[in-house]
Amino acid sequence: MRRIAVGLVIPMPLLLLYALAPAEIVMTAVAVLFAAHCLLRRDWNWLRQGWVGAAGLLWVQIMLASFIAGHGVAQAAAFVRYFVFVAALQHWVLPDPRMRQILARAYGAVAVWLVAGCWQQYLCGRNFMGYGRWADGALLGPLWAPRAGHALVMTALPGLFPLAIDLARREGARGRVMAEILLLGLVVTMVLIAQRMPLLHLLLAMGLCGLLVPRLRAVVGATVALGAGAVALSPLLAPQAYHKLVLNFVAHMQGFADSPYGMLFIRAGVMIERHPLFGLGFDGFRHACPDPAYFHGLPWLGVGEGVHGAAGGCNLHPHNFYLLMGTMGGVPAMALFAAFAACVLTRAWRGVGAARDPQRLMLAVTCVVVLWPLQSTSSLLTQPTAGWLFMALGWALACVPVASHLQSVRGRD
């Protein structure tokens, strides 16, 4: 069963690009296989971890909220599969360093494929499937929807950044130049893609690398400076990217309450304020968004009543993991998701400095990037966001040394 699970997990980065339904099936199948393995081996020690406790309480809260709301109980019950999938990666599929290295190569190959696809579309006007830029100017890369930016961040951080760290540490001046070329190529590509949040994610990850890897600090500083130069030249080289990355971003920040993301924040805040204990049940934001009962402001934040109405603030989800949890399960769900994130980050960062393992460092950085609360995100209830997120969490946790009895169990497999 473990060999089957490994065979399912390794192609996940490619599935998360082109086969979202099979990716969902893989996550569910691995979770079921791991549960069967634990049942056969009578090994449930992984349940004793702090993050598992927080995830379990979060699951129970969302199920209870869905039962009270009268919808989504079955979907809420199935939500636990993602947390079991994380445990499967941590304790069963990826504890072997060889498997983690194979997965890192798969992620790196997909990152290179994304970069190549973005440049091909930028230079030729259309990608290999015949699609041009998205309506807002974003490059699609080798995809049919504007997902290239997030996919590149999630694949490049564990797949290519460790290579840059190794080059800077081991190859002297020549290695630092090569690391500079690699990182600059990623930054310039992200500028051309013209997706704001992925660019900020990439810059945050680079900043953390510069703080934690002394030999990479000069490289990161030079990359950021040259990347700023690329943004400055974007009005000439990529006007659509400049409009979205600079002009549109500044306009949104100056009038955040009236921006699309601000309206989503207000609508979600009103829902949580009206239902603080149990929220609106599984996927409650989508169900309740058109209800005029939530067409109000947040006076305690200085946002007046009656703003926007049905014309703004409605979408399939509130574009933030923590607000999504709050609309589904109230303030307790938000707190439990924050506790889950804190437990995962604490474990992922345990001993990172002493280990001096670039892959482990970058997975810990990836966890910070994806779990940072002040950001706009896609919904973790759907693919590919759920796949990228929970793959990163399970992989990061698998890098932390586990108890010897678990290693002996894996040996018998």
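Cys289 is buried in this predicted model, its relative accessibility being 1%. Its sulfur atom lies 2.4 Å from that of Cys314, and the two residues form a disulfide.

**The disulfide**

- One disulfide is counted in the model.
- The two sulfur atoms of Cys289 and Cys314 are 2.4 Å apart, which lies within the 2.5 Å cut-off and therefore qualifies the pair as a disulfide.
- The link of Cys289 and Cys314 is left-handed, with -140° about the S-S bond.

**Cysteines Cys343 and Cys367**

- For Cys343, the closest cysteine sulfur belongs to Cys367 and is 13 Å away, so the distance is too far for a bond.
- Cys343 has a relative accessible area of 28% and is therefore classed as partly exposed.
- For Cys367, the closest cysteine sulfur is that of Cys399, at 9.2 Å, which is likewise too far for a bond.
- Cys367 counts as buried because its relative accessibility is 0%, under the 20% limit.

**Packing of α9 against α18**

- Helix α9 (residues 161-170) packs with helix α18 (residues 358-371) at an angle of about 130°, and the two axes are 9 Å apart.
- This angle makes α9 oblique to α18.
- The crossing of α9 and α18 is right-handed.
- From α9 the contact draws on Phe161, Pro162, Ile165, Asp166 and Arg169, and from α18 on Pro358, Gln359, Leu361 and Met362.
- By residue class, the contact of α9 with α18 comprises six nonpolar, one polar and two charged residues.

**Packing of α16 against α19**

- The axes of α16 and helix α19 (residues 385-398) cross at roughly 30° and come within 10 Å.
- Because the angle is under 35 degrees, α16 is described as roughly parallel to α19.
- The crossing of α16 and α19 is left-handed.
- On the α16 side the contact involves Phe321, Phe340, Val344, Arg347 and Ala348, which meet Thr385, Leu389, Leu393, Ala396 and Leu397 of α19.
- The residues of this contact between α16 and α19 divide into eight nonpolar, one polar and one charged.

- Ala54 is placed in helix α4 (residues 50-69).
- With 8% relative accessibility, Ala54 counts as buried.
- When neighbours within four places in sequence are left aside, Ala54 is in contact with Leu336, Ala339 and Phe340.
- Phe340, one of these contacts of Ala54, is also among the residues of α16 that meet α19.
- Ala54 and Ala386 are 332 residues apart in sequence, and their C-alpha atoms are 18 Å apart in space.

Key. Residues are numbered from 1 along each chain as its sequence is written. This is a predicted model: local features need pLDDT of at least 70, side-chain atom pairs count only at pLDDT 80 or more; totals for chains, interfaces and linings use all residues. Side-chain values use heavy atoms; hydrogens and water are left out. Buried means under 20% relative accessible area, exposed over 50%, partly exposed in between (1.4 Å probe, protein chains only). Axes are lines fitted to C-alpha atoms, for helices over the stretch in contact, and angles run from 0 to 180 degrees between N-to-C directions. Helices (H or I, at least four residues) and strands (E, at least two) are DSSP runs, numbered from the N terminus. Angles under 35 degrees count as roughly parallel, over 145 as roughly antiparallel, 65 to 115 as roughly perpendicular and the rest as oblique. A crossing is left-handed if the near helix is turned anticlockwise from the far one by less than a right angle, and right-handed if clockwise. Contact means heavy atoms within 4.5 Å. Ala, Val, Leu, Ile, Met, Phe, Trp, Tyr, Cys and Pro count as nonpolar, Asp, Glu, Lys and Arg as charged, and the others, Gly among them, as polar.
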